[in-house]
Amino acid sequence: MIELSDMVRELRQQLTTALADGRDEAVRFELGPVELEATVAVSREGGADAKVRLWVVDASANGKYAQSQTQRITVTLVPRTKAPGQSEFRSVLIGGEDVEGER
């Protein structure tokens with residue numbers, strides 16, 4: 001399992017790569033809201049710095065967890081970017097080559 005934060009971090013890296021790939025393209029696309037849907041297992045760590053963590057559960061492994069221990073969540077993210085030296089954030093424009101299997 002991976003933490004939900006790791007999933008969001010990977011998404012951010014993929015979007016950053018797409019942004020860089022499309023920087024000089026004639027056709028670019030504005031990135032709208034991004035929805036992530038995942039089944040997560042919730043765990044709580046004890047101690048002085050107790051934390052609640054959300055672990056993304058692989059669909060094939062979902063049967064290993066009791067239904068009461070997993071939750072289905074949807075997170076909507078609205079990506080924004082800021083150019084170096086700029087103070088304002090703006091919509092993200094992406095572009096680039098088609099990748100096999102991409103929808």
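Student: Which residue does Arg53 form a salt bridge with?
Tutor: Arg53 pairs with Glu3, and their closest N and O atoms sit 2.8 Å apart. Keep in mind that this is a predicted model.

Student: Where do those two lie in the fold, and how far apart in sequence are they?
Tutor: Arg53 is part of strand 4 (residues 51-56) and Glu3 belongs to strand 1 (residues 2-3), so the bridge ties together parts that are 50 residues apart in sequence.

Student: OK, and how many salt bridges turn up in the whole structure?
Tutor: A search of the whole structure gives three. One of them joins the side chains of Glu37 and Arg72, at 2.9 Å from N to O.

Student: Which strands does that pair tie together?
Tutor: Strand 3 (residues 34-45), which holds Glu37, and strand 5 (residues 70-77), which holds Arg72, so here the linked parts are 35 residues apart in sequence.

Student: Is Arg72 buried or exposed?
Tutor: Arg72 counts as exposed, because its relative accessibility is 53% and the cut-off for exposed is over 50%.

Student: What about Asp6, which partner does its side chain meet?
Tutor: Asp6 meets Arg9 in a salt bridge, with 2.4 Å between N and O. Both lie in helix 1 (residues 4-21), three residues apart, so about one helical turn separates them.

Student: How accessible are Asp6 and Arg9?
Tutor: Asp6 has a relative accessible area of 33%, which makes it partly exposed. Arg9 is partly exposed too, at 41%.

Student: Last topic, the surface. Which residues form a nonpolar patch there?
Tutor: Val42, Val52 and Leu54 do, and together they have about 230 Å² of accessible area.

Student: Where is Val42, and which strand is it in?
Tutor: Val42 sits in strand 3.

Student: How accessible is Val42?
Tutor: Val42 has 44% relative accessibility, so it counts as partly exposed.

Notes. Residues numbered from 1 in each chain as written. Predicted model: local features only at pLDDT ≥ 70, side-chain atom pairs only at ≥ 80, totals over all residues. Heavy atoms only, no water. Salt bridge = Lys/Arg side-chain N within 4 Å of Asp/Glu carboxyl O. Helix = DSSP H or I, 4+ residues; strand = E, 2+ residues; numbered from the N terminus. Buried < 20%, exposed > 50% of the residue type's maximum accessible area, 1.4 Å probe, protein only. Patch = residues over 30% accessible without salt bridge, like charges linked within 9 Å, V, L, I, M, F, W, Y side chains within 5 Å. Areas by Shrake-Rupley, 256 points an atom, 1.4 Å probe, with all protein chains shown as cover.
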